[in-house]
Structure formats: C-alpha cells, structure tokens
Amino acid sequence: MINYIIRRLIMMIPVFILCSMIIFLILHLVPGNPVDNLLHPGSPPEVRERLIKEFGLDKPIYQQYIIWLTNVFKGNLGVSITEQRSVSELLLLKLPNTVVLGVVSFLISFILGVLLGAVSAIKQNTIVDYMGMILALLGVTVPTFWLGLMLMLIFSVNLGWFPISGYGDLKSLILPAFTLGLAGAGLIARVTRASMLEIAQKDYIAIVRAKGISNSQVIIKHIFRNALIPIITLLGLRLGWIIGGAVTIEIVFNRPGLGRLLTDSLFRRDYPVIQGVLLLLVFTVMLGNLIADVLYAYADPRIRYN
Amino acid sequence: MKFKSHEEKQYIPRNKSRIMFLKFKKNKMAIIGLIIILILIFTGIFADFIAPHSYREQNLSLKNQSPSSDFLFGTDEFGRCIFSRIVYGASISLKVGILSTGISVLIGIIIGSISAYYGGFLDQILVVLMDVMWAFPTILLSLVIVAIIGASLNSVIIAIALSYWVQYARLIRGQILSLKNELYIEVTRSLGANDSTILWKHLLPNAVIPVVVAATLGMGNAIVLEATLSFLGMGAQPPTPSWGSMLSNARTYLFLAPWLAIFPGIATIITVLGFNLLGDGLRDIMDIKMKE
C-alpha cells in the first residue's frame, strides 16, 4: 500500500510540472503586457520599461518559465502586480474561507446524496424513488449559481433568516454551503442508487438472503458497504467540481476566497496571482484524484498490483 | 443487437434502427426531452414572431416592471421585455450547446482515436496530456481562457470546447482500445485495408454510440457553463440576450426585481433538463454503461 502511494506521488510530479507549463503558457502567449494595466495613461515609456524589467517580463518566455518554476518549488510564488503583497500571502489569506466552504458543502453533498440514493434504491420503482430521482436530476440540471440566487431570494430576501452576503460566522456559511452541497448531491445520489441496485442483483446477495439474514442487515452490511466503492472514487473526483463551484458561489454570496481572488485577478490581469491560484487549485484536484485512487485501491486490493 | 435464435427473429423487427426507434417510443423521459429540445429549436427559429417586443429596445420609464399582461415576465433594469429576451436567447443557448459540444467532440475523436489506434509513445504522450487537462476543473479552465481571449459569445464557445474535449477523447480511446483487438478488425486488416480505412470505417462507427450519449448530456453541461461564465461577467456582452448574461445583473436587483433572476434561470433549467432527459433516455435505450 505504501509503495503504491509513493509510486502515485512520484507520478504526480511530471503531471504537476506540465500543468504549471500550461498555466504559464496560456497566460503568457497572449498579446498585451500586464504592466499596461498599472500605468496611468501618458506616463513616460521609461517607467513602462523599468516596470517590465522589474517583473522580469523582458526575458524570453522559457527563461521566465524556468525562473518562475524554480521559485515555485522554493515556495515563492512571486509578487502581485496590482497589490503590494506576495502571492503566497494573498493565497494564505483567502484559502481558509474557501476550504471551510468546500469542506462543509462536500460533507452536505455526500450525506444528502448517499441518503437520497440509498432510499431510492431500497424503495425502487415506488413514488419515493421517482421523487428522489427527480430531485437528483434537478441537482445535476440546475446551475449552481442560480440555485444560490434562489435560496438567497427565499431565505435572505423574503424570510430574512440569513444574511445576504458576508463571511466569518456560521450563519453566513449556511446558505452558500447548502447551495453547493445540494447541487453536488444529485450526482452522488444517482451513482449511489445505480451502484446499490447493481450489487443487489449479485448472486452472493441471493446467498446471503438464503441464509436467512434479515433484510435490513442485508442492505446495510452487504449491499451498502459494497456499493460504497464507486461512491468513494466519485468523491475524490468531485473535489475539482466543488472547487469550481466554490468559485461561482463566492461571487454569488460575495464571500472573500480563492474564487473571488481569481476572478478579480483575471479582470485586473494580475498574472502572478492568477498563476498562483490556478496552481494551488490544480494541485488540490490532483491530490483529490490521488486520494480517490488510494481509497479505491484500499477497498479493492486487485488495483494495487497492476 | 444479437439474435439468439431464428424463432425470436420473427418477433423482433430486423432493422436495428427500427428496434432503437421502438425502444425510444417507449421511453417517456427521452420523448419529453426531445419535445423540449424541439420546442426550443422552434422558439429559436421563429423568435421574431413569438416575441412581443424587441430584445434590445430600451424604455427607461418602464424599468423593473413586475410581470403583467404587457410584459409576461416583467422588464429589466433598462425596461426591456424579459420574455422577449428569453425567446431570443433560446437560439443563443442552442448555438453555444451545439457548437461547443461539436468542436470538443471533434477534438476528442481525433485525439482519442489517434491515441488508441497507434498506441506506443504517441499514446503515452497524449494520455499524459489528457491527464493534465483532466486536473483542471472545467469552469476554471474555461474562465481563464475567456478572460484571456476576451469576453464574447465566440470566446465562450471556444473556451467550453477546449475545456470539455478530454472527456470525449478518453471515451473514444477506451472504446477503440477495446474494439481494436476484435476479430473483425484483424480480418479487415488481413484483407488489405489500410489504417485510415480501419479507423474511420470500421472502428469509429462502432465506437460512436457512447459518444452520442455523452455529447447529448454534454450539451446540457455546456449550456450551464455558458450561463455560469456569463453570470461571472465573462460571457456574451450586452445587448446579446444570453440567459446567463441576463442573470449577471440579477443579483443586484434581487430585492427590487426578483423576476430578473427567476425567469432566465427557469428557461436555462428547462433546456438543460431537455438534454439531460434525452441523454439519459438514449443511454438506457442503447444499454450503455457509462461512468458518471
């Protein structure tokens, strides 16, 4: 198992470097110089050139990339162009908000999704099942940001239960976390249901039943536990989705976080910050995929050995 | 579709597409999905006749009116009729869904089939490329691409296409890998068929059904992604009546004019629901097991 994890960690390095290359290239192959956003119209060309030199933008692109990448591995992500702060400082400042939102909505989507899927599977082809699956279908259909707007309209504007925006306390977290959690629960519910129904048809379930074990025991101990394997994989893969969703949710609910930082920096063309945020998010997604694979290998030992 | 015996053959229509059609007719969800999409296409084509008002005509004395018989869904902050804008927006959503999915399927087919068919070093490189692209959340990737090439409807289409091709490439690659060692391919090769004939005439047609299903579902995703990008201010620019860009101002007016947020959102959901229902239905009909 440890061998497997180490092997996967080593395999992450080239993928990570390639990701960094793509992030760097798509931002630097674009015409236009980011320092132009800093300059007042009519400022002398010497100032512009000095700034370009200061940010190292006069060097050939591959040199810029190598310099940046070596700095990244040293833990130095550069300095923001528009704010007088280091990128790592900005990231550390915004990260906790996004992590809290992500983790809470992740848990909500997992619990709701698995419950909904399991109930639908147990009550297959009844009204409960149909209702559950319609809810799950809506979950994968409704745009996350719109769900956020509607929850805000109902619970903040009309009922006044929660603040319309803000951050820091539990009350302001509930709506954004539920928006993202509800939106994410749909897919998990569908996978849970399909997986449980598939397991329920297996021969060994018939044998377990034939042994006279009670229905609830069969469902909990034999069907549900085996059905969890694809759900675990899905959870790791959902990390990327949660991160993407958090970006929009942060805009909807006006919460400071990595999503806001990214969109603000995109509008300002603050390249070092954009690179930093993307790198951090992509690294998180890769880590999520790795965790999914490791859990999967743990649940199904055949995978470790090929 | 395999026939087990000659007796059975009498009861089942011989034509494969006829079987599919009969199965399709029985699948209520797929029919509903198809009807929604057809209505949408109809709305898009005949928008000029359906919409009571122009989509760009501003009338500041009528701004933020609540829904009435004159303005079915109310008016926006410039006094434009929201119902008319939604009607005109139908063709935009369709255009985004079809074009972006079409481009990404094309890229996916080319890269996926080359990767699987030729294998070896080329395959390894392409697989790493796919893995790398897979690590980017689609919304972030498309957001960055649009931000760089400039916000417009066409950039959105390109960005969505560039963010989604990987899933089709992986699907095609998997399909061809499992097909290329089948006996009939070996026979075709021994009869002297060259690589491109085998790939285009014998492998791809048999690999394409799961891609059709994925693309139908993908169009729904593309429409949601367009709405999201436009909401973030990185989409179609005014006065284009894209549903997403109609929603981008809705947050500001949530107290004053909630209909600004409600109706374009419902239009988006119904459309996406149409594609999802049709895609789910097709998947059941074709009996495909796909990873969600």
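Start by selecting Phe224(A), which sits in helix H9 of chain A. Helices here are DSSP runs of H or I with at least four residues, strands are runs of E with at least two, and both are numbered from the N terminus. This is a predicted model, in which local features need pLDDT of at least 70 and side-chain atom pairs count only at pLDDT 80 or more, while totals for chains, interfaces and linings use all residues. Residues are numbered from 1 along each chain as its sequence is written, and chains are lettered from A and ligands numbered from 1 in the order in which they are written.

**Around Phe224(A)**

Phe224(A) counts as partly exposed because it has 19 C-beta neighbours inside 10 Å. The cut-offs, with C-beta atoms placed from the backbone, are these: 20 or more other C-beta atoms within 10 Å of a residue's own make it buried, 12 or fewer make it exposed, and anything in between is partly exposed. Show Ala118(A), Met196(A) and Ile219(A) next: Phe224(A) touches these residues, not counting residues up to four places away in sequence. A contact means that the C-beta atoms of two residues, placed from the backbone, lie within 7 Å. Phe224(A) and Ala118(A) are 106 residues apart along the chain, yet their C-alpha atoms are separated by 7.8 Å.

**Chain A as a whole**

Zoom out to chain A. Its secondary structure comes to eleven helices and zero strands. The C-alpha trace of chain A spans about 85 × 55 × 30 Å along its principal axes. Of its 306 residues, 38% are buried. Among contacts in chain A between residues at least 6 apart in sequence, 74% join residues at least 24 apart.

**Two asparagines in loops**

Select Asn125(A), in the loop between H4 and helix H5 (127-141) of chain A. Asn125(A) is not a glycine, but it has a positive phi of about 60 degrees. With 8 C-beta neighbours inside 10 Å, Asn125(A) counts as exposed.

Then go to Asn254(A), in the loop between H9 and H10 of chain A. Asn254(A) also has a positive phi, of about 55 degrees, although it is not a glycine. It counts as partly exposed, with 15 C-beta neighbours inside 10 Å.

**Helices H9 and H10 of chain A**

On the H9(A) side the contact is made by Ala246(A), Val247(A), Thr248(A), Glu250(A) and Ile251(A), and on the H10(A) side by Gly259(A), Arg260(A), Leu262(A) and Thr263(A).

Stay on H10(A), where Leu258(A), Gly259(A), Leu261(A), Leu262(A), Thr263(A), Ser265(A) and Leu266(A) are buried. These buried residues pack against helix H4 (87-122), H9 and helix H11 (271-299) of chain A, together with helix H7 (138-149) of chain B. Just after H10(A), Arg269(A) takes a positive phi of about 55 degrees.

**Where the chains meet**

Now show chain B, which has twelve helices and zero strands. Of its 292 residues, 46% count as buried. The contact between the chains takes 33 residues from chain B and 36 residues from chain A. On the chain B side, the elements giving two or more residues are helix H6 (120-134), H7, helix H10 (195-231) and helix H12 (259-286). H7(B) provides the largest share, eight residues.

Finally, color by pLDDT, the predictor's confidence in each residue, from 0 to 100. Chain B has a mean pLDDT of 81, and 88% of its residues reach 70 or more. Over residues 1-5 of chain B the pLDDT is below 50. Where pLDDT is low, the predicted coordinates should not be read in detail. The model scores ipTM 0.81 and pTM 0.84.
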